[in-house]
Amino acid sequence: MFLAMVLSCGLFAQGTSEVQSAAKPEKTVAVIIPSPLGDRSFCDSANKGVERANKELPVSVDLIETQGVHEHESAMRSAINKGYGLILGVGLDSQMMIDLAKEYPDQLFGSPSELYADKLPDNLASLLINVNKSSFLAGIAAGLLTKTNKVGAVCGGDAPGINQFYYGFKQGVLEVNPTCKVYVNYLGFDFSNPTLGKESAIALYDEGCDILYQVCGLSGEGVLAAAAEKNLYAIGVDNVQDGFYPGHIITSVIKRVDNSTYELIDEYVKGDFKGGFRTLDMEDGCTGLSWDTGVDDFEKNGPADMVAQLPAIKATIAKYRTDILSGKFHVYNALTEPLWDSLKK
């Protein structure tokens, strides 16, 4: 009887081990974000991709928050040392990512946002979400709704990826309102400072701007707050931000970092992960306007005279969208083209 109990326990233990082994995903991923969660923008969007992957895929994905650029490399190296199969850096420095990929050629790395280089190591992938076209459409809305003929943008830093938003927006404004003046304030790559974002926005509002486009992560919450405080208007970014201050946020340019984060993890799980550059765009459903998803906060809460213009503005945007997707109309690309003379003014 004792022998039977031992055999039974041994079989039970073996069976438990097999169940635990089967339940525990063999593949592991670390996703490192450039600032803490709670920005209701870029980082929170990436986290949605992480949550979806953990729910839908046989993989264990850990999200690693950092407090700023001074922690980015140490967080990456810590993830390498812990043995994750794939490490994704969201919005981290391109050269740092490339250098680490070269230093650890057997480690897989990826970025669900753009990396700036002519070539990437074979173990490093970059999924660029091209936001110039959707920013252009937001610029159309701003150019047609402005009452002061002055609009602006508050941008996290003066870099190609951020200027992809800004110059697309500026081109859209000038396309429908050539006499409008377009301002820009850069925040020196401080994406985690709503106070700075608010101060910068107030400076532009005091300059006469009545609509601002925020492209600065968590700092952008200060821009949106300034719009409400000054009883003026803003355009959100990355996530749907229209409801933050209803009636003051006209629309949001959506950058679906959740989709690109999930896609890289999915490819890794399926064994299809490949290094190099790939681009996702408006036609891939990875970027667009919040209006495209049926969001109507501004329509319900905005001033009557501006709301009355929305049907005509949306029709204009729809026409340009069709022409852009068909190749009939070209939107400036800050990642690949020298700055056009028409955008220098």
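How many of the 17 residues of H6 are buried, and is the helix enclosed by the rest of the structure or open? In this predicted model, 14 of the 17 residues of H6 are buried, so the helix is largely enclosed by the rest of the structure. The protein as a whole has 345 residues, of which 53% count as buried. Its secondary structure consists of 12 helices and 12 strands. The C-alpha trace spans about 90 × 40 × 40 Å along the principal axes. Where contacts join residues at least 6 apart in sequence, 68% of them link residues at least 24 apart.

Helix H6 covers residues 160-176. From the first C-alpha of H6 to the last, the distance is 24 Å, close to the 24 Å expected for its 17 residues at 1.5 Å a residue. One of the residues of H6 is Gln171. With a relative accessible area of 7%, Gln171 falls under the 20% cut-off and is therefore buried. Apart from residues up to four places away in sequence, Gln171 touches Phe136, Phe329, His330, Val331, Tyr332, Trp340 and Leu343.

Helix H5, residues 132-145, packs against H6 at an angle of about 40 degrees, and the two axes lie 6 Å apart. That angle makes H5 oblique to H6. The crossing of H5 past H6 is right-handed. On the H5 side, the contact involves Asn132, Ser135, Phe136, Ala138, Gly139, Ile140, Ala142, Gly143 and Leu144. These residues meet Gln164, Phe165, Gly168, Phe169, Gln171, Gly172, Val173, Glu175 and Val176 in H6. By residue class, the contact of H5 with H6 comprises nine nonpolar, eight polar and one charged.

H5 also packs against helix H12, residues 310-326, at an angle of about 150 degrees and with 10 Å between the axes. H5 is therefore roughly antiparallel to H12. This crossing, too, is right-handed. H5 contributes Lys133, Phe136, Leu137, Ile140, Ala141, Leu144 and Leu145 to the contact, while H12 contributes Leu310, Ile313, Thr316, Ile317, Tyr320, Arg321 and Ile324. The residues of the contact of H5 with H12 are 11 nonpolar, one polar and two charged. Phe136 of H5 takes part in the contact with H12 and in the contact with H6, and Phe136 is also among the residues touched by Gln171.

A further helix pair is formed by H3, residues 72-82, and H4, residues 94-103, which pack at an angle of about 25 degrees with their axes 11 Å apart. An angle under 35 degrees counts as roughly parallel, and H3 and H4 are therefore roughly parallel to each other. Their crossing is right-handed. His72, Glu73, Met76, Arg77 and Ile80 of H3 make the contact with Met96, Met97, Leu100 and Glu103 of H4. Five of the residues in the contact of H3 with H4 are nonpolar, one is polar and three are charged.

Lys48 is located in helix H2, which runs over residues 42-56. The relative accessibility of Lys48 is 46%, so this residue counts as partly exposed. Neighbours within four places in sequence aside, Lys48 is in contact with Asn239 and Asp258. Between Lys48 and Val31, which are 17 residues apart in sequence, the C-alpha to C-alpha distance is 11 Å.

Terms used: Residues numbered from 1 in each chain as written. Predicted model: local features only at pLDDT ≥ 70, side-chain atom pairs only at ≥ 80, totals over all residues. Heavy atoms only, no water. Axes fitted to C-alpha atoms, helices over the stretch in contact; angles between N-to-C directions. Helix = DSSP H or I, 4+ residues; strand = E, 2+ residues; numbered from the N terminus. Parallel < 35°, antiparallel > 145°, perpendicular 65-115°, else oblique. Left-handed = near helix turned anticlockwise from the far one by under 90°. Contact = heavy atoms within 4.5 Å. Nonpolar A, V, L, I, M, F, W, Y, C, P; charged D, E, K, R; others polar. Buried < 20%, exposed > 50% of the residue type's maximum accessible area, 1.4 Å probe, protein only. Expected span 1.5 Å × (residues − 1).
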